[in-house]
Amino acid sequence: VQLQAFGGGLVQAGGSLRLSCAASGRSFGEYVMGWFRQAPGKEREFVASIRANTYYTDSVKGRFTISRDNDKNTVYLQMNSLKPEDTAVYYCAARRGYSIWEVRTTAYNYWGQGTELTVSS
C-alpha cells in the first residue's frame, strides 16, 4: 500500500481544514487507517483511526472527524476549531487488522509522506 497525504496549510486558530490521504493498492477496505502527527521537537503521536468504527485521542475528540471512502481508496481528517497546539506534520498510516485502538506507530506498516499544518494564534 502506498499512501499520499495532502491538504495541509496555514490556518488561523478556530478555523477548519480537511486532510486527505489517497491509497494505492488492493483491499483498501481491509486496512485500519490512522492519522498521526508530529510537532516540532516531539514524538509522533496518534490522532485518530478508522475501520468500520472510529477512535480518537482525547485532545481532538469533538473537533476532528476521521472518515473513509473505500470506493475512492481515501481517508479524510476533518479538523475544526483548530488550535495552535494542533500545529504539526500530519501523517496517514495503514495497518491490516481490525483493532482501531492501536495507537503505537510501530503497529502501522505503511506511511504517507506527511502534510504540514500550521495554526496561527
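1. Arg63 and Asp86 form a salt bridge in which the closest N and O atoms are 2.7 Å apart. The model is a predicted one, and this distance, like the others below, is computed from it. The pair links distant parts of the chain, since Arg63 sits in the loop between strand E6 (54–56) and E7 while Asp86 sits in the loop between strand E8 (74–79) and E9, 23 residues apart.

2. Are the two partners of this bridge buried or exposed? Arg63 is buried, its relative accessible area being 10%, and Asp86 is buried as well, with a relative accessible area of 1%.

3. The salt bridges number six by the rule applied here. One of them brings together the side chains of Arg96 and Glu30, with an N to O distance of 2.9 Å. Arg96 belongs to strand E9 (residues 88–96) and Glu30 to the loop between strand E3 (17–24) and strand E4 (31–38), so this pair ties together parts of the chain that are 66 residues apart in sequence. Arg96 is partly exposed at a relative accessible area of 45%, and Glu30 is likewise partly exposed, at 39%.

4. Another salt bridge joins the side chains of Lys61 and Asp58, at 3.0 Å from N to O. Lys61 counts as partly exposed, with 46% relative accessibility, whereas Asp58 is exposed, with a relative accessible area of 61%.

5. Arg68, in strand E7 (residues 64–69), deserves a separate look. What is the nearest side chain of opposite charge to Arg68, and how far away is it? That side chain is Asp69, at 8.4 Å, and Arg68 is buried yet has no salt bridge; the cut-off for a salt bridge is 4 Å between the side-chain nitrogen and a carboxyl oxygen.

6. A polar atom of the Arg68 side chain lies 2.8 Å from the backbone oxygen of Phe28, and a polar contact of 2.8 Å joins the side chain of Arg68 to that of Asn70. When neighbours within four places in sequence are set aside, the residues in contact with Arg68 are Phe28, Gly29, Tyr31, Val32, Met33, Ile50, Arg51, Thr74 and Val75.

7. As for the overall fold, the protein chain has eleven strands and zero helices. Its radius of gyration is 13 Å, close to the 14 Å that the globule rule gives for 121 residues, so the chain is as compact as a globular protein of that length. Taken along the principal axes, the C-alpha atoms fill a box of roughly 40 × 25 × 25 Å.

8. Two further totals concern packing and surface. Buried residues account for 44% of the 121 residues in the protein chain, and the accessible surface comes to about 6400 Å², with 44% of that area belonging to carbon and sulfur atoms. Among the contacts between residues at least 6 apart in sequence, 60% join residues at least 24 apart.

Key: Residues numbered from 1 in each chain as written. Predicted model: local features only at pLDDT ≥ 70, side-chain atom pairs only at ≥ 80, totals over all residues. Heavy atoms only, no water. Helix = DSSP H or I, 4+ residues; strand = E, 2+ residues; numbered from the N terminus. Buried < 20%, exposed > 50% of the residue type's maximum accessible area, 1.4 Å probe, protein only. Lys, Arg positive; Asp, Glu negative; His and termini not counted. Polar contact = N/O pair within 3.5 Å; in protein donor to acceptor, adjacent residues only side chain to side chain. Contact = heavy atoms within 4.5 Å. Rg over C-alpha atoms; globule rule 2.2 N^0.38 Å. Areas by Shrake-Rupley, 256 points an atom, 1.4 Å probe, with all protein chains shown as cover.
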